[in-house]
Amino acid sequence: MDVLKNFKSIDNNVQRISNSLSLKKPTIIAVSKSFNINQILPIIDIGHEHFGENKVQEAKFKWKDIVIKNSNIKLHMLGKLQSNKADEAINIFNYIHSLDSEKLAMKLCEAEKKFNKRLKYFIQVNISEEPQKSGIQKNEIFQFLKYSKIELKLDIIGLMCLPKINENPTEYFVKLHTMAQELNLKELSMGMSHDYIEAIKSSSSFIRIGSAIFGERV
Ligand SMILES: *Cc1c(COP(=O)(O)O)cnc(C)c1O
């Protein structure tokens with residue numbers, strides 16, 4: 001697996017698609033979950049800054065030394081976050097994409113104060129309205145935004161979604177884009193290895209790419 005070659009080819013693709021649509025190039029988050037630091041190093045060495053993980057413990061041990069040497073690196077938490085891990089998450093990550101409950105928002109707010117940190121947040125929206133899926137429901141989003149942004153003063157920068165598997169993602173991407181515009185939120189975290197092109201066409205600003213860079217996870 002030539003990680004660097006994969007990354008460069010996606011980076012070129014993203015640039016080309018953005019240019020052709022006269023859109024700002026979205027940030028590529030290299031989703032490195034389940035890969036070890038040696039497999040990730042080629043992309044760190046060329047100066048890429050944004051990396052995604054989905055587990056607090058894994059991220060903590062894997063990135064501990066490397067972020068000291070590379071202080072420009074930004075770590076993104078993409079996976080489900082339990083509120084009892086808020087303190088740890090605050091000290092590892094720069095962005096959290098999976099803000100999905102009032103309890104979690106409250107714990108993160110407390111942790112920010114305790115450790116004097118400021119993170120950037122995406123609210124995860126259950127855009128496909130699947131009962132088993134994480135995320136704030138569409139009809140509760142306004143209330144949740146008010147609570148987390150105005151009351152708790154978390155720096156909410158945008159919305160995140162995971163479309164329904166095996167369905168055309170564009171419908172969901174368009175919905176999330178419209179919702180973000182209505183709420184006056186600038187950023188959109190949407191698009192993965194198999195659907196990032198559609199996501200860019202729907203104005204995504206943060207795309208989360210794992211297997212297309214690092215290969216299949218085992
Ligand atoms: C694993 C993961 C990704 C990356 O998925 P790929 O299909 O490997 O690109 C993106 N977003 C989230 C939330 C993930 O958990």
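This briefing covers the ligand site and the aromatic pairs of the structure. The model is predicted. The ligand sits in the largest pocket. Around the ligand, the shell comprises 6 nonpolar, 3 polar and 3 charged residues.

**Ligand surroundings**

- The residues around the ligand are V31, K33, L78, M160, L162, M192, S193, R208, I209, G210, S211 and R217.
- Nonpolar members of this shell number 6, and V31, L78 and I209 are among them.

**Polar contacts and cover**

- R208 places a polar side-chain atom 2.8 Å from a nitrogen atom of the ligand.
- G210 contributes through its backbone, with an N or O atom 2.8 Å from an oxygen atom of the ligand.
- In R217, a side-chain N or O atom is 2.8 Å from an oxygen atom of the ligand.
- On its own, the ligand has 390 Å² of accessible area, and the protein covers 90% of this.

**Aromatic pairs**

- The count comes to 4 aromatic pairs.
- One of these pairs is formed by F51 and W63, with ring centres 5.0 Å apart and 45° between the planes.
- The F51 and W63 pair is classed as tilted, because stacked requires planes under 30 degrees apart and edge-to-face requires over 60.
- F51 belongs to strand β2 (residues 50-53) and W63 to helix α3 (residues 56-69), so their pairing ties together parts that lie 12 residues apart in sequence.

Terms used
Residues numbered from 1 in each chain as written. Predicted model: local features only at pLDDT ≥ 70, side-chain atom pairs only at ≥ 80, totals over all residues. Heavy atoms only, no water. Near = heavy atom within 4 Å. Polar contact = N/O pair within 3.5 Å; in protein donor to acceptor, adjacent residues only side chain to side chain. Areas by Shrake-Rupley, 256 points an atom, 1.4 Å probe, with all protein chains shown as cover. 1 Å grid on protein atoms, 1.4 Å probe; cavity = no way out; pocket = protein on both sides within 12 Å on 5 of 7 lines; lining within 4 Å. Sits in = over half its atoms within 2 Å of the grid points. Phe/Tyr/Trp six-rings, centres within 6.5 Å; stacked < 30°, edge-to-face > 60°. Helix = DSSP H or I, 4+ residues; strand = E, 2+ residues; numbered from the N terminus.
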